[in-house]
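Here is a short report on selected features of one protein model. Please keep the sequence and the 3D view open while reading.

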Amino acid sequence: MTPALVISLIALLVAVAGLALVVSVTRHIGKRDPVAVPRRWRRLLLIKPMPTMELGAATARSDARERVAFIANPTKDGVAELREQALRACAIRYLPQPMWLYTTPDDPGRDIAKEAIDAGADLVVAVGGDGTVRAVAEAVAGTGVPMAIMPMGTGNLFARNLDLPLGDTAALLRTALDGAERTADVGWLQLVRTPDGDGEGERHIFLVIAGAGLDAEMVAGADDNLKRRLGWVAYFFAAVRHLGKRMEARITVDDGEPQTSRMRTVLIANVGRLPAGIQLIPDASFDDGRIDIATLDARGGIVGWTELFGTVVAQGAGIREPWHQRVWRTSRIDHVRGSTVEIKVAEPQKVQVDGEALGRATRILAEVQPGALVLRVPATGTSGKEAVADAEATQAG
């Protein structure tokens with residue numbers, strides 16, 4: 001083989017590698033923003049177009065000239081890339097340049113969201129985990145300003161219950177900027193720390209589930225490193241350490257008679273779906289104007305916990321046992337619904353709201369605020385991939 005031939009082959013390999021790199025980079029850009037790639041190249045490289053909007057929705061949005069404020073948790077991976085995509089998404093919709101604001105350890109989102117609304121924001125987008133979403137919702141609740149969610153946390157429980165397209169940034173941005181609007185309830189929790197306290201204590205908002213007992217012990221004991229590595233599975237490892245604990249509580253719902261019993265945990269839910277599709281409280285809905293209270297108990301060691309897990313799975317499938325059968329079991333889940341609830345515990349118990357530990361309390365008061373949030377949700381209920389398929393079918397026709 002002559003030197004000239006060797007050089008030619010090397011040049012050919014370099015050219016092929018360079019072409020492959022250009023194609024890869026172009027496709028990556030096209031996936032993030034198809035409009036940034038010329039139409040001819042989009043067809044050649046099989047880059048899928050963005051789905052089209054319904055005419056009515058487009059007219060409503062273009063007339064609104066919405067000022068969008070993104071409230072982002074800077075500790076989440078991918079925030080910088082999301083900011084670039086958000087700026088472009090607003091630009092191609094001819095919206096004003098959005099405000100991009102960051103949370104801090106001292107302000108997880110509430111105060112900065114209030115400042116954004118005061119500055120004229122017509123839409124507030126929470127970018128982060130359940131903690132960021134909850135803090136932003138506290139500022140937005142009751143204002144009538146729409147709120148959207150870009151979930152970037154471990155559990156993303158509220159986003160899951162809204163059926164948002166998790167992991168699909170383009171679809172989430174379309175939902176935030178072009179989605180339908182739907183009202184949602186919020187819950188408010190008041191804690192009394194001391195046994196003789198009356199009317200004292202701080203107030204906390206919750207969108208998903210608040211709880212006392214094992215539920216809160218699990219949240220407080222979850223290892224941060226495990227959460228980063230394993231996600232929501234890390235909470236189950238934390239729960240194992242507290243399976244032997246039970247508590248006594250007196251629960252009063254609305255104006256009903258107080259009921260006292262022993263249990264592992266008591267939950268106050270605005271929604272009831274957990275990761276992996278587990279329906280812990282199937283009747284809970286974010287727009288029914290009620291909160292759902294559930295008490296969980298298990299006795300008899302591994303047998304009781306196995307029965308409890310089976311009960312959770314069964315009720316998620318719509319199977320409910322009559323009360324007289326539950327009496328004889330080693331585990332049970334009892335449900336009741338109302339507008340307000342008061343929980344008094346014999347000994348101070350740890351409390352959590354939406355995955356945030358709040359310390360111990362002896363008395364918990366909770367109430368629902370119906371329709372307090374205006375949320376942006378998917379307009380058609382389709383995922384990002386389904387929306388793209390619909391768009392391609394429309395263009396082909």
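Strands E8 (residues 247-253) and E9 (residues 259-263) run antiparallel and are joined by five bridges. Two strands count as paired if DSSP finds at least two bridges between them. Strands (E, at least two residues) and helices (H or I, at least four) are DSSP runs, numbered from the N terminus. Glutamate 248 stands opposite arginine 262 in E9. The hairpin of E8 and E9 has five residues between the strands, and aspartate 254 takes a positive phi there, near 50°.

The model is predicted: local features need pLDDT of at least 70, side-chain atom pairs count only at pLDDT 80 or more, and totals for chains, interfaces and linings use all residues. Residues are numbered from 1 along each chain as its sequence is written, and side-chain values use heavy atoms, with hydrogens and water left out.

**Core and aromatics**

The largest nonpolar core has 64 residues. Such a core is a set of buried Ala, Val, Leu, Ile, Met, Phe, Trp, Tyr and Cys residues joined through side-chain atoms within 4.5 Å. Phe70, Val125, Met147, Phe158 and Leu373 have the most contacts inside this core. A second, separate core of 24 residues includes Leu191, Phe206, Leu358 and Ala361.

Phenylalanine 70 also belongs to an aromatic cluster with Trp100 and Tyr102. Rings of Phe, Tyr and Trp (its six-membered ring) pair if their centres lie within 6.5 Å; planes under 30 degrees apart are stacked, over 60 edge-to-face, and the rest tilted. The count comes to two aromatic pairs. Tryptophan 100 and tyrosine 102 have ring centres 6.5 Å apart and planes at 75°, so this pair is edge-to-face.

How accessible are some of these side chains' residues? Buried means under 20% relative accessible area, exposed over 50%, and partly exposed in between (1.4 Å probe, protein chains only).

| Residue | Relative accessibility | Class |
|---|---|---|
| Tryptophan 100 | 11% | buried |
| Tyrosine 102 | 40% | partly exposed |
| Arginine 376 | 2% | buried |

**Arginines and helix H6**

Arginine 376 is in strand E14 (residues 356-377). The side chain of arginine 376 reaches the backbone oxygen of alanine 176 at 2.6 Å. Arginine 203 lies over the face of tryptophan 188, 4.3 Å from the ring centre.

Helix H6 (residues 130-140) is mostly covered, with nine of its eleven residues buried. Among them are Asp130, Arg134 and Val140. Glycine 142 follows H6 and has a positive phi, near 85°.

Notes: A polar contact is a pair of N or O atoms within 3.5 Å; within protein, one must be able to donate a hydrogen and the other to accept it, and residues adjacent in sequence count only if both atoms are side-chain atoms. A charge sits over a ring if NZ of Lys or CZ of Arg is within 6 Å of the ring centre and within 35 degrees of the ring normal.
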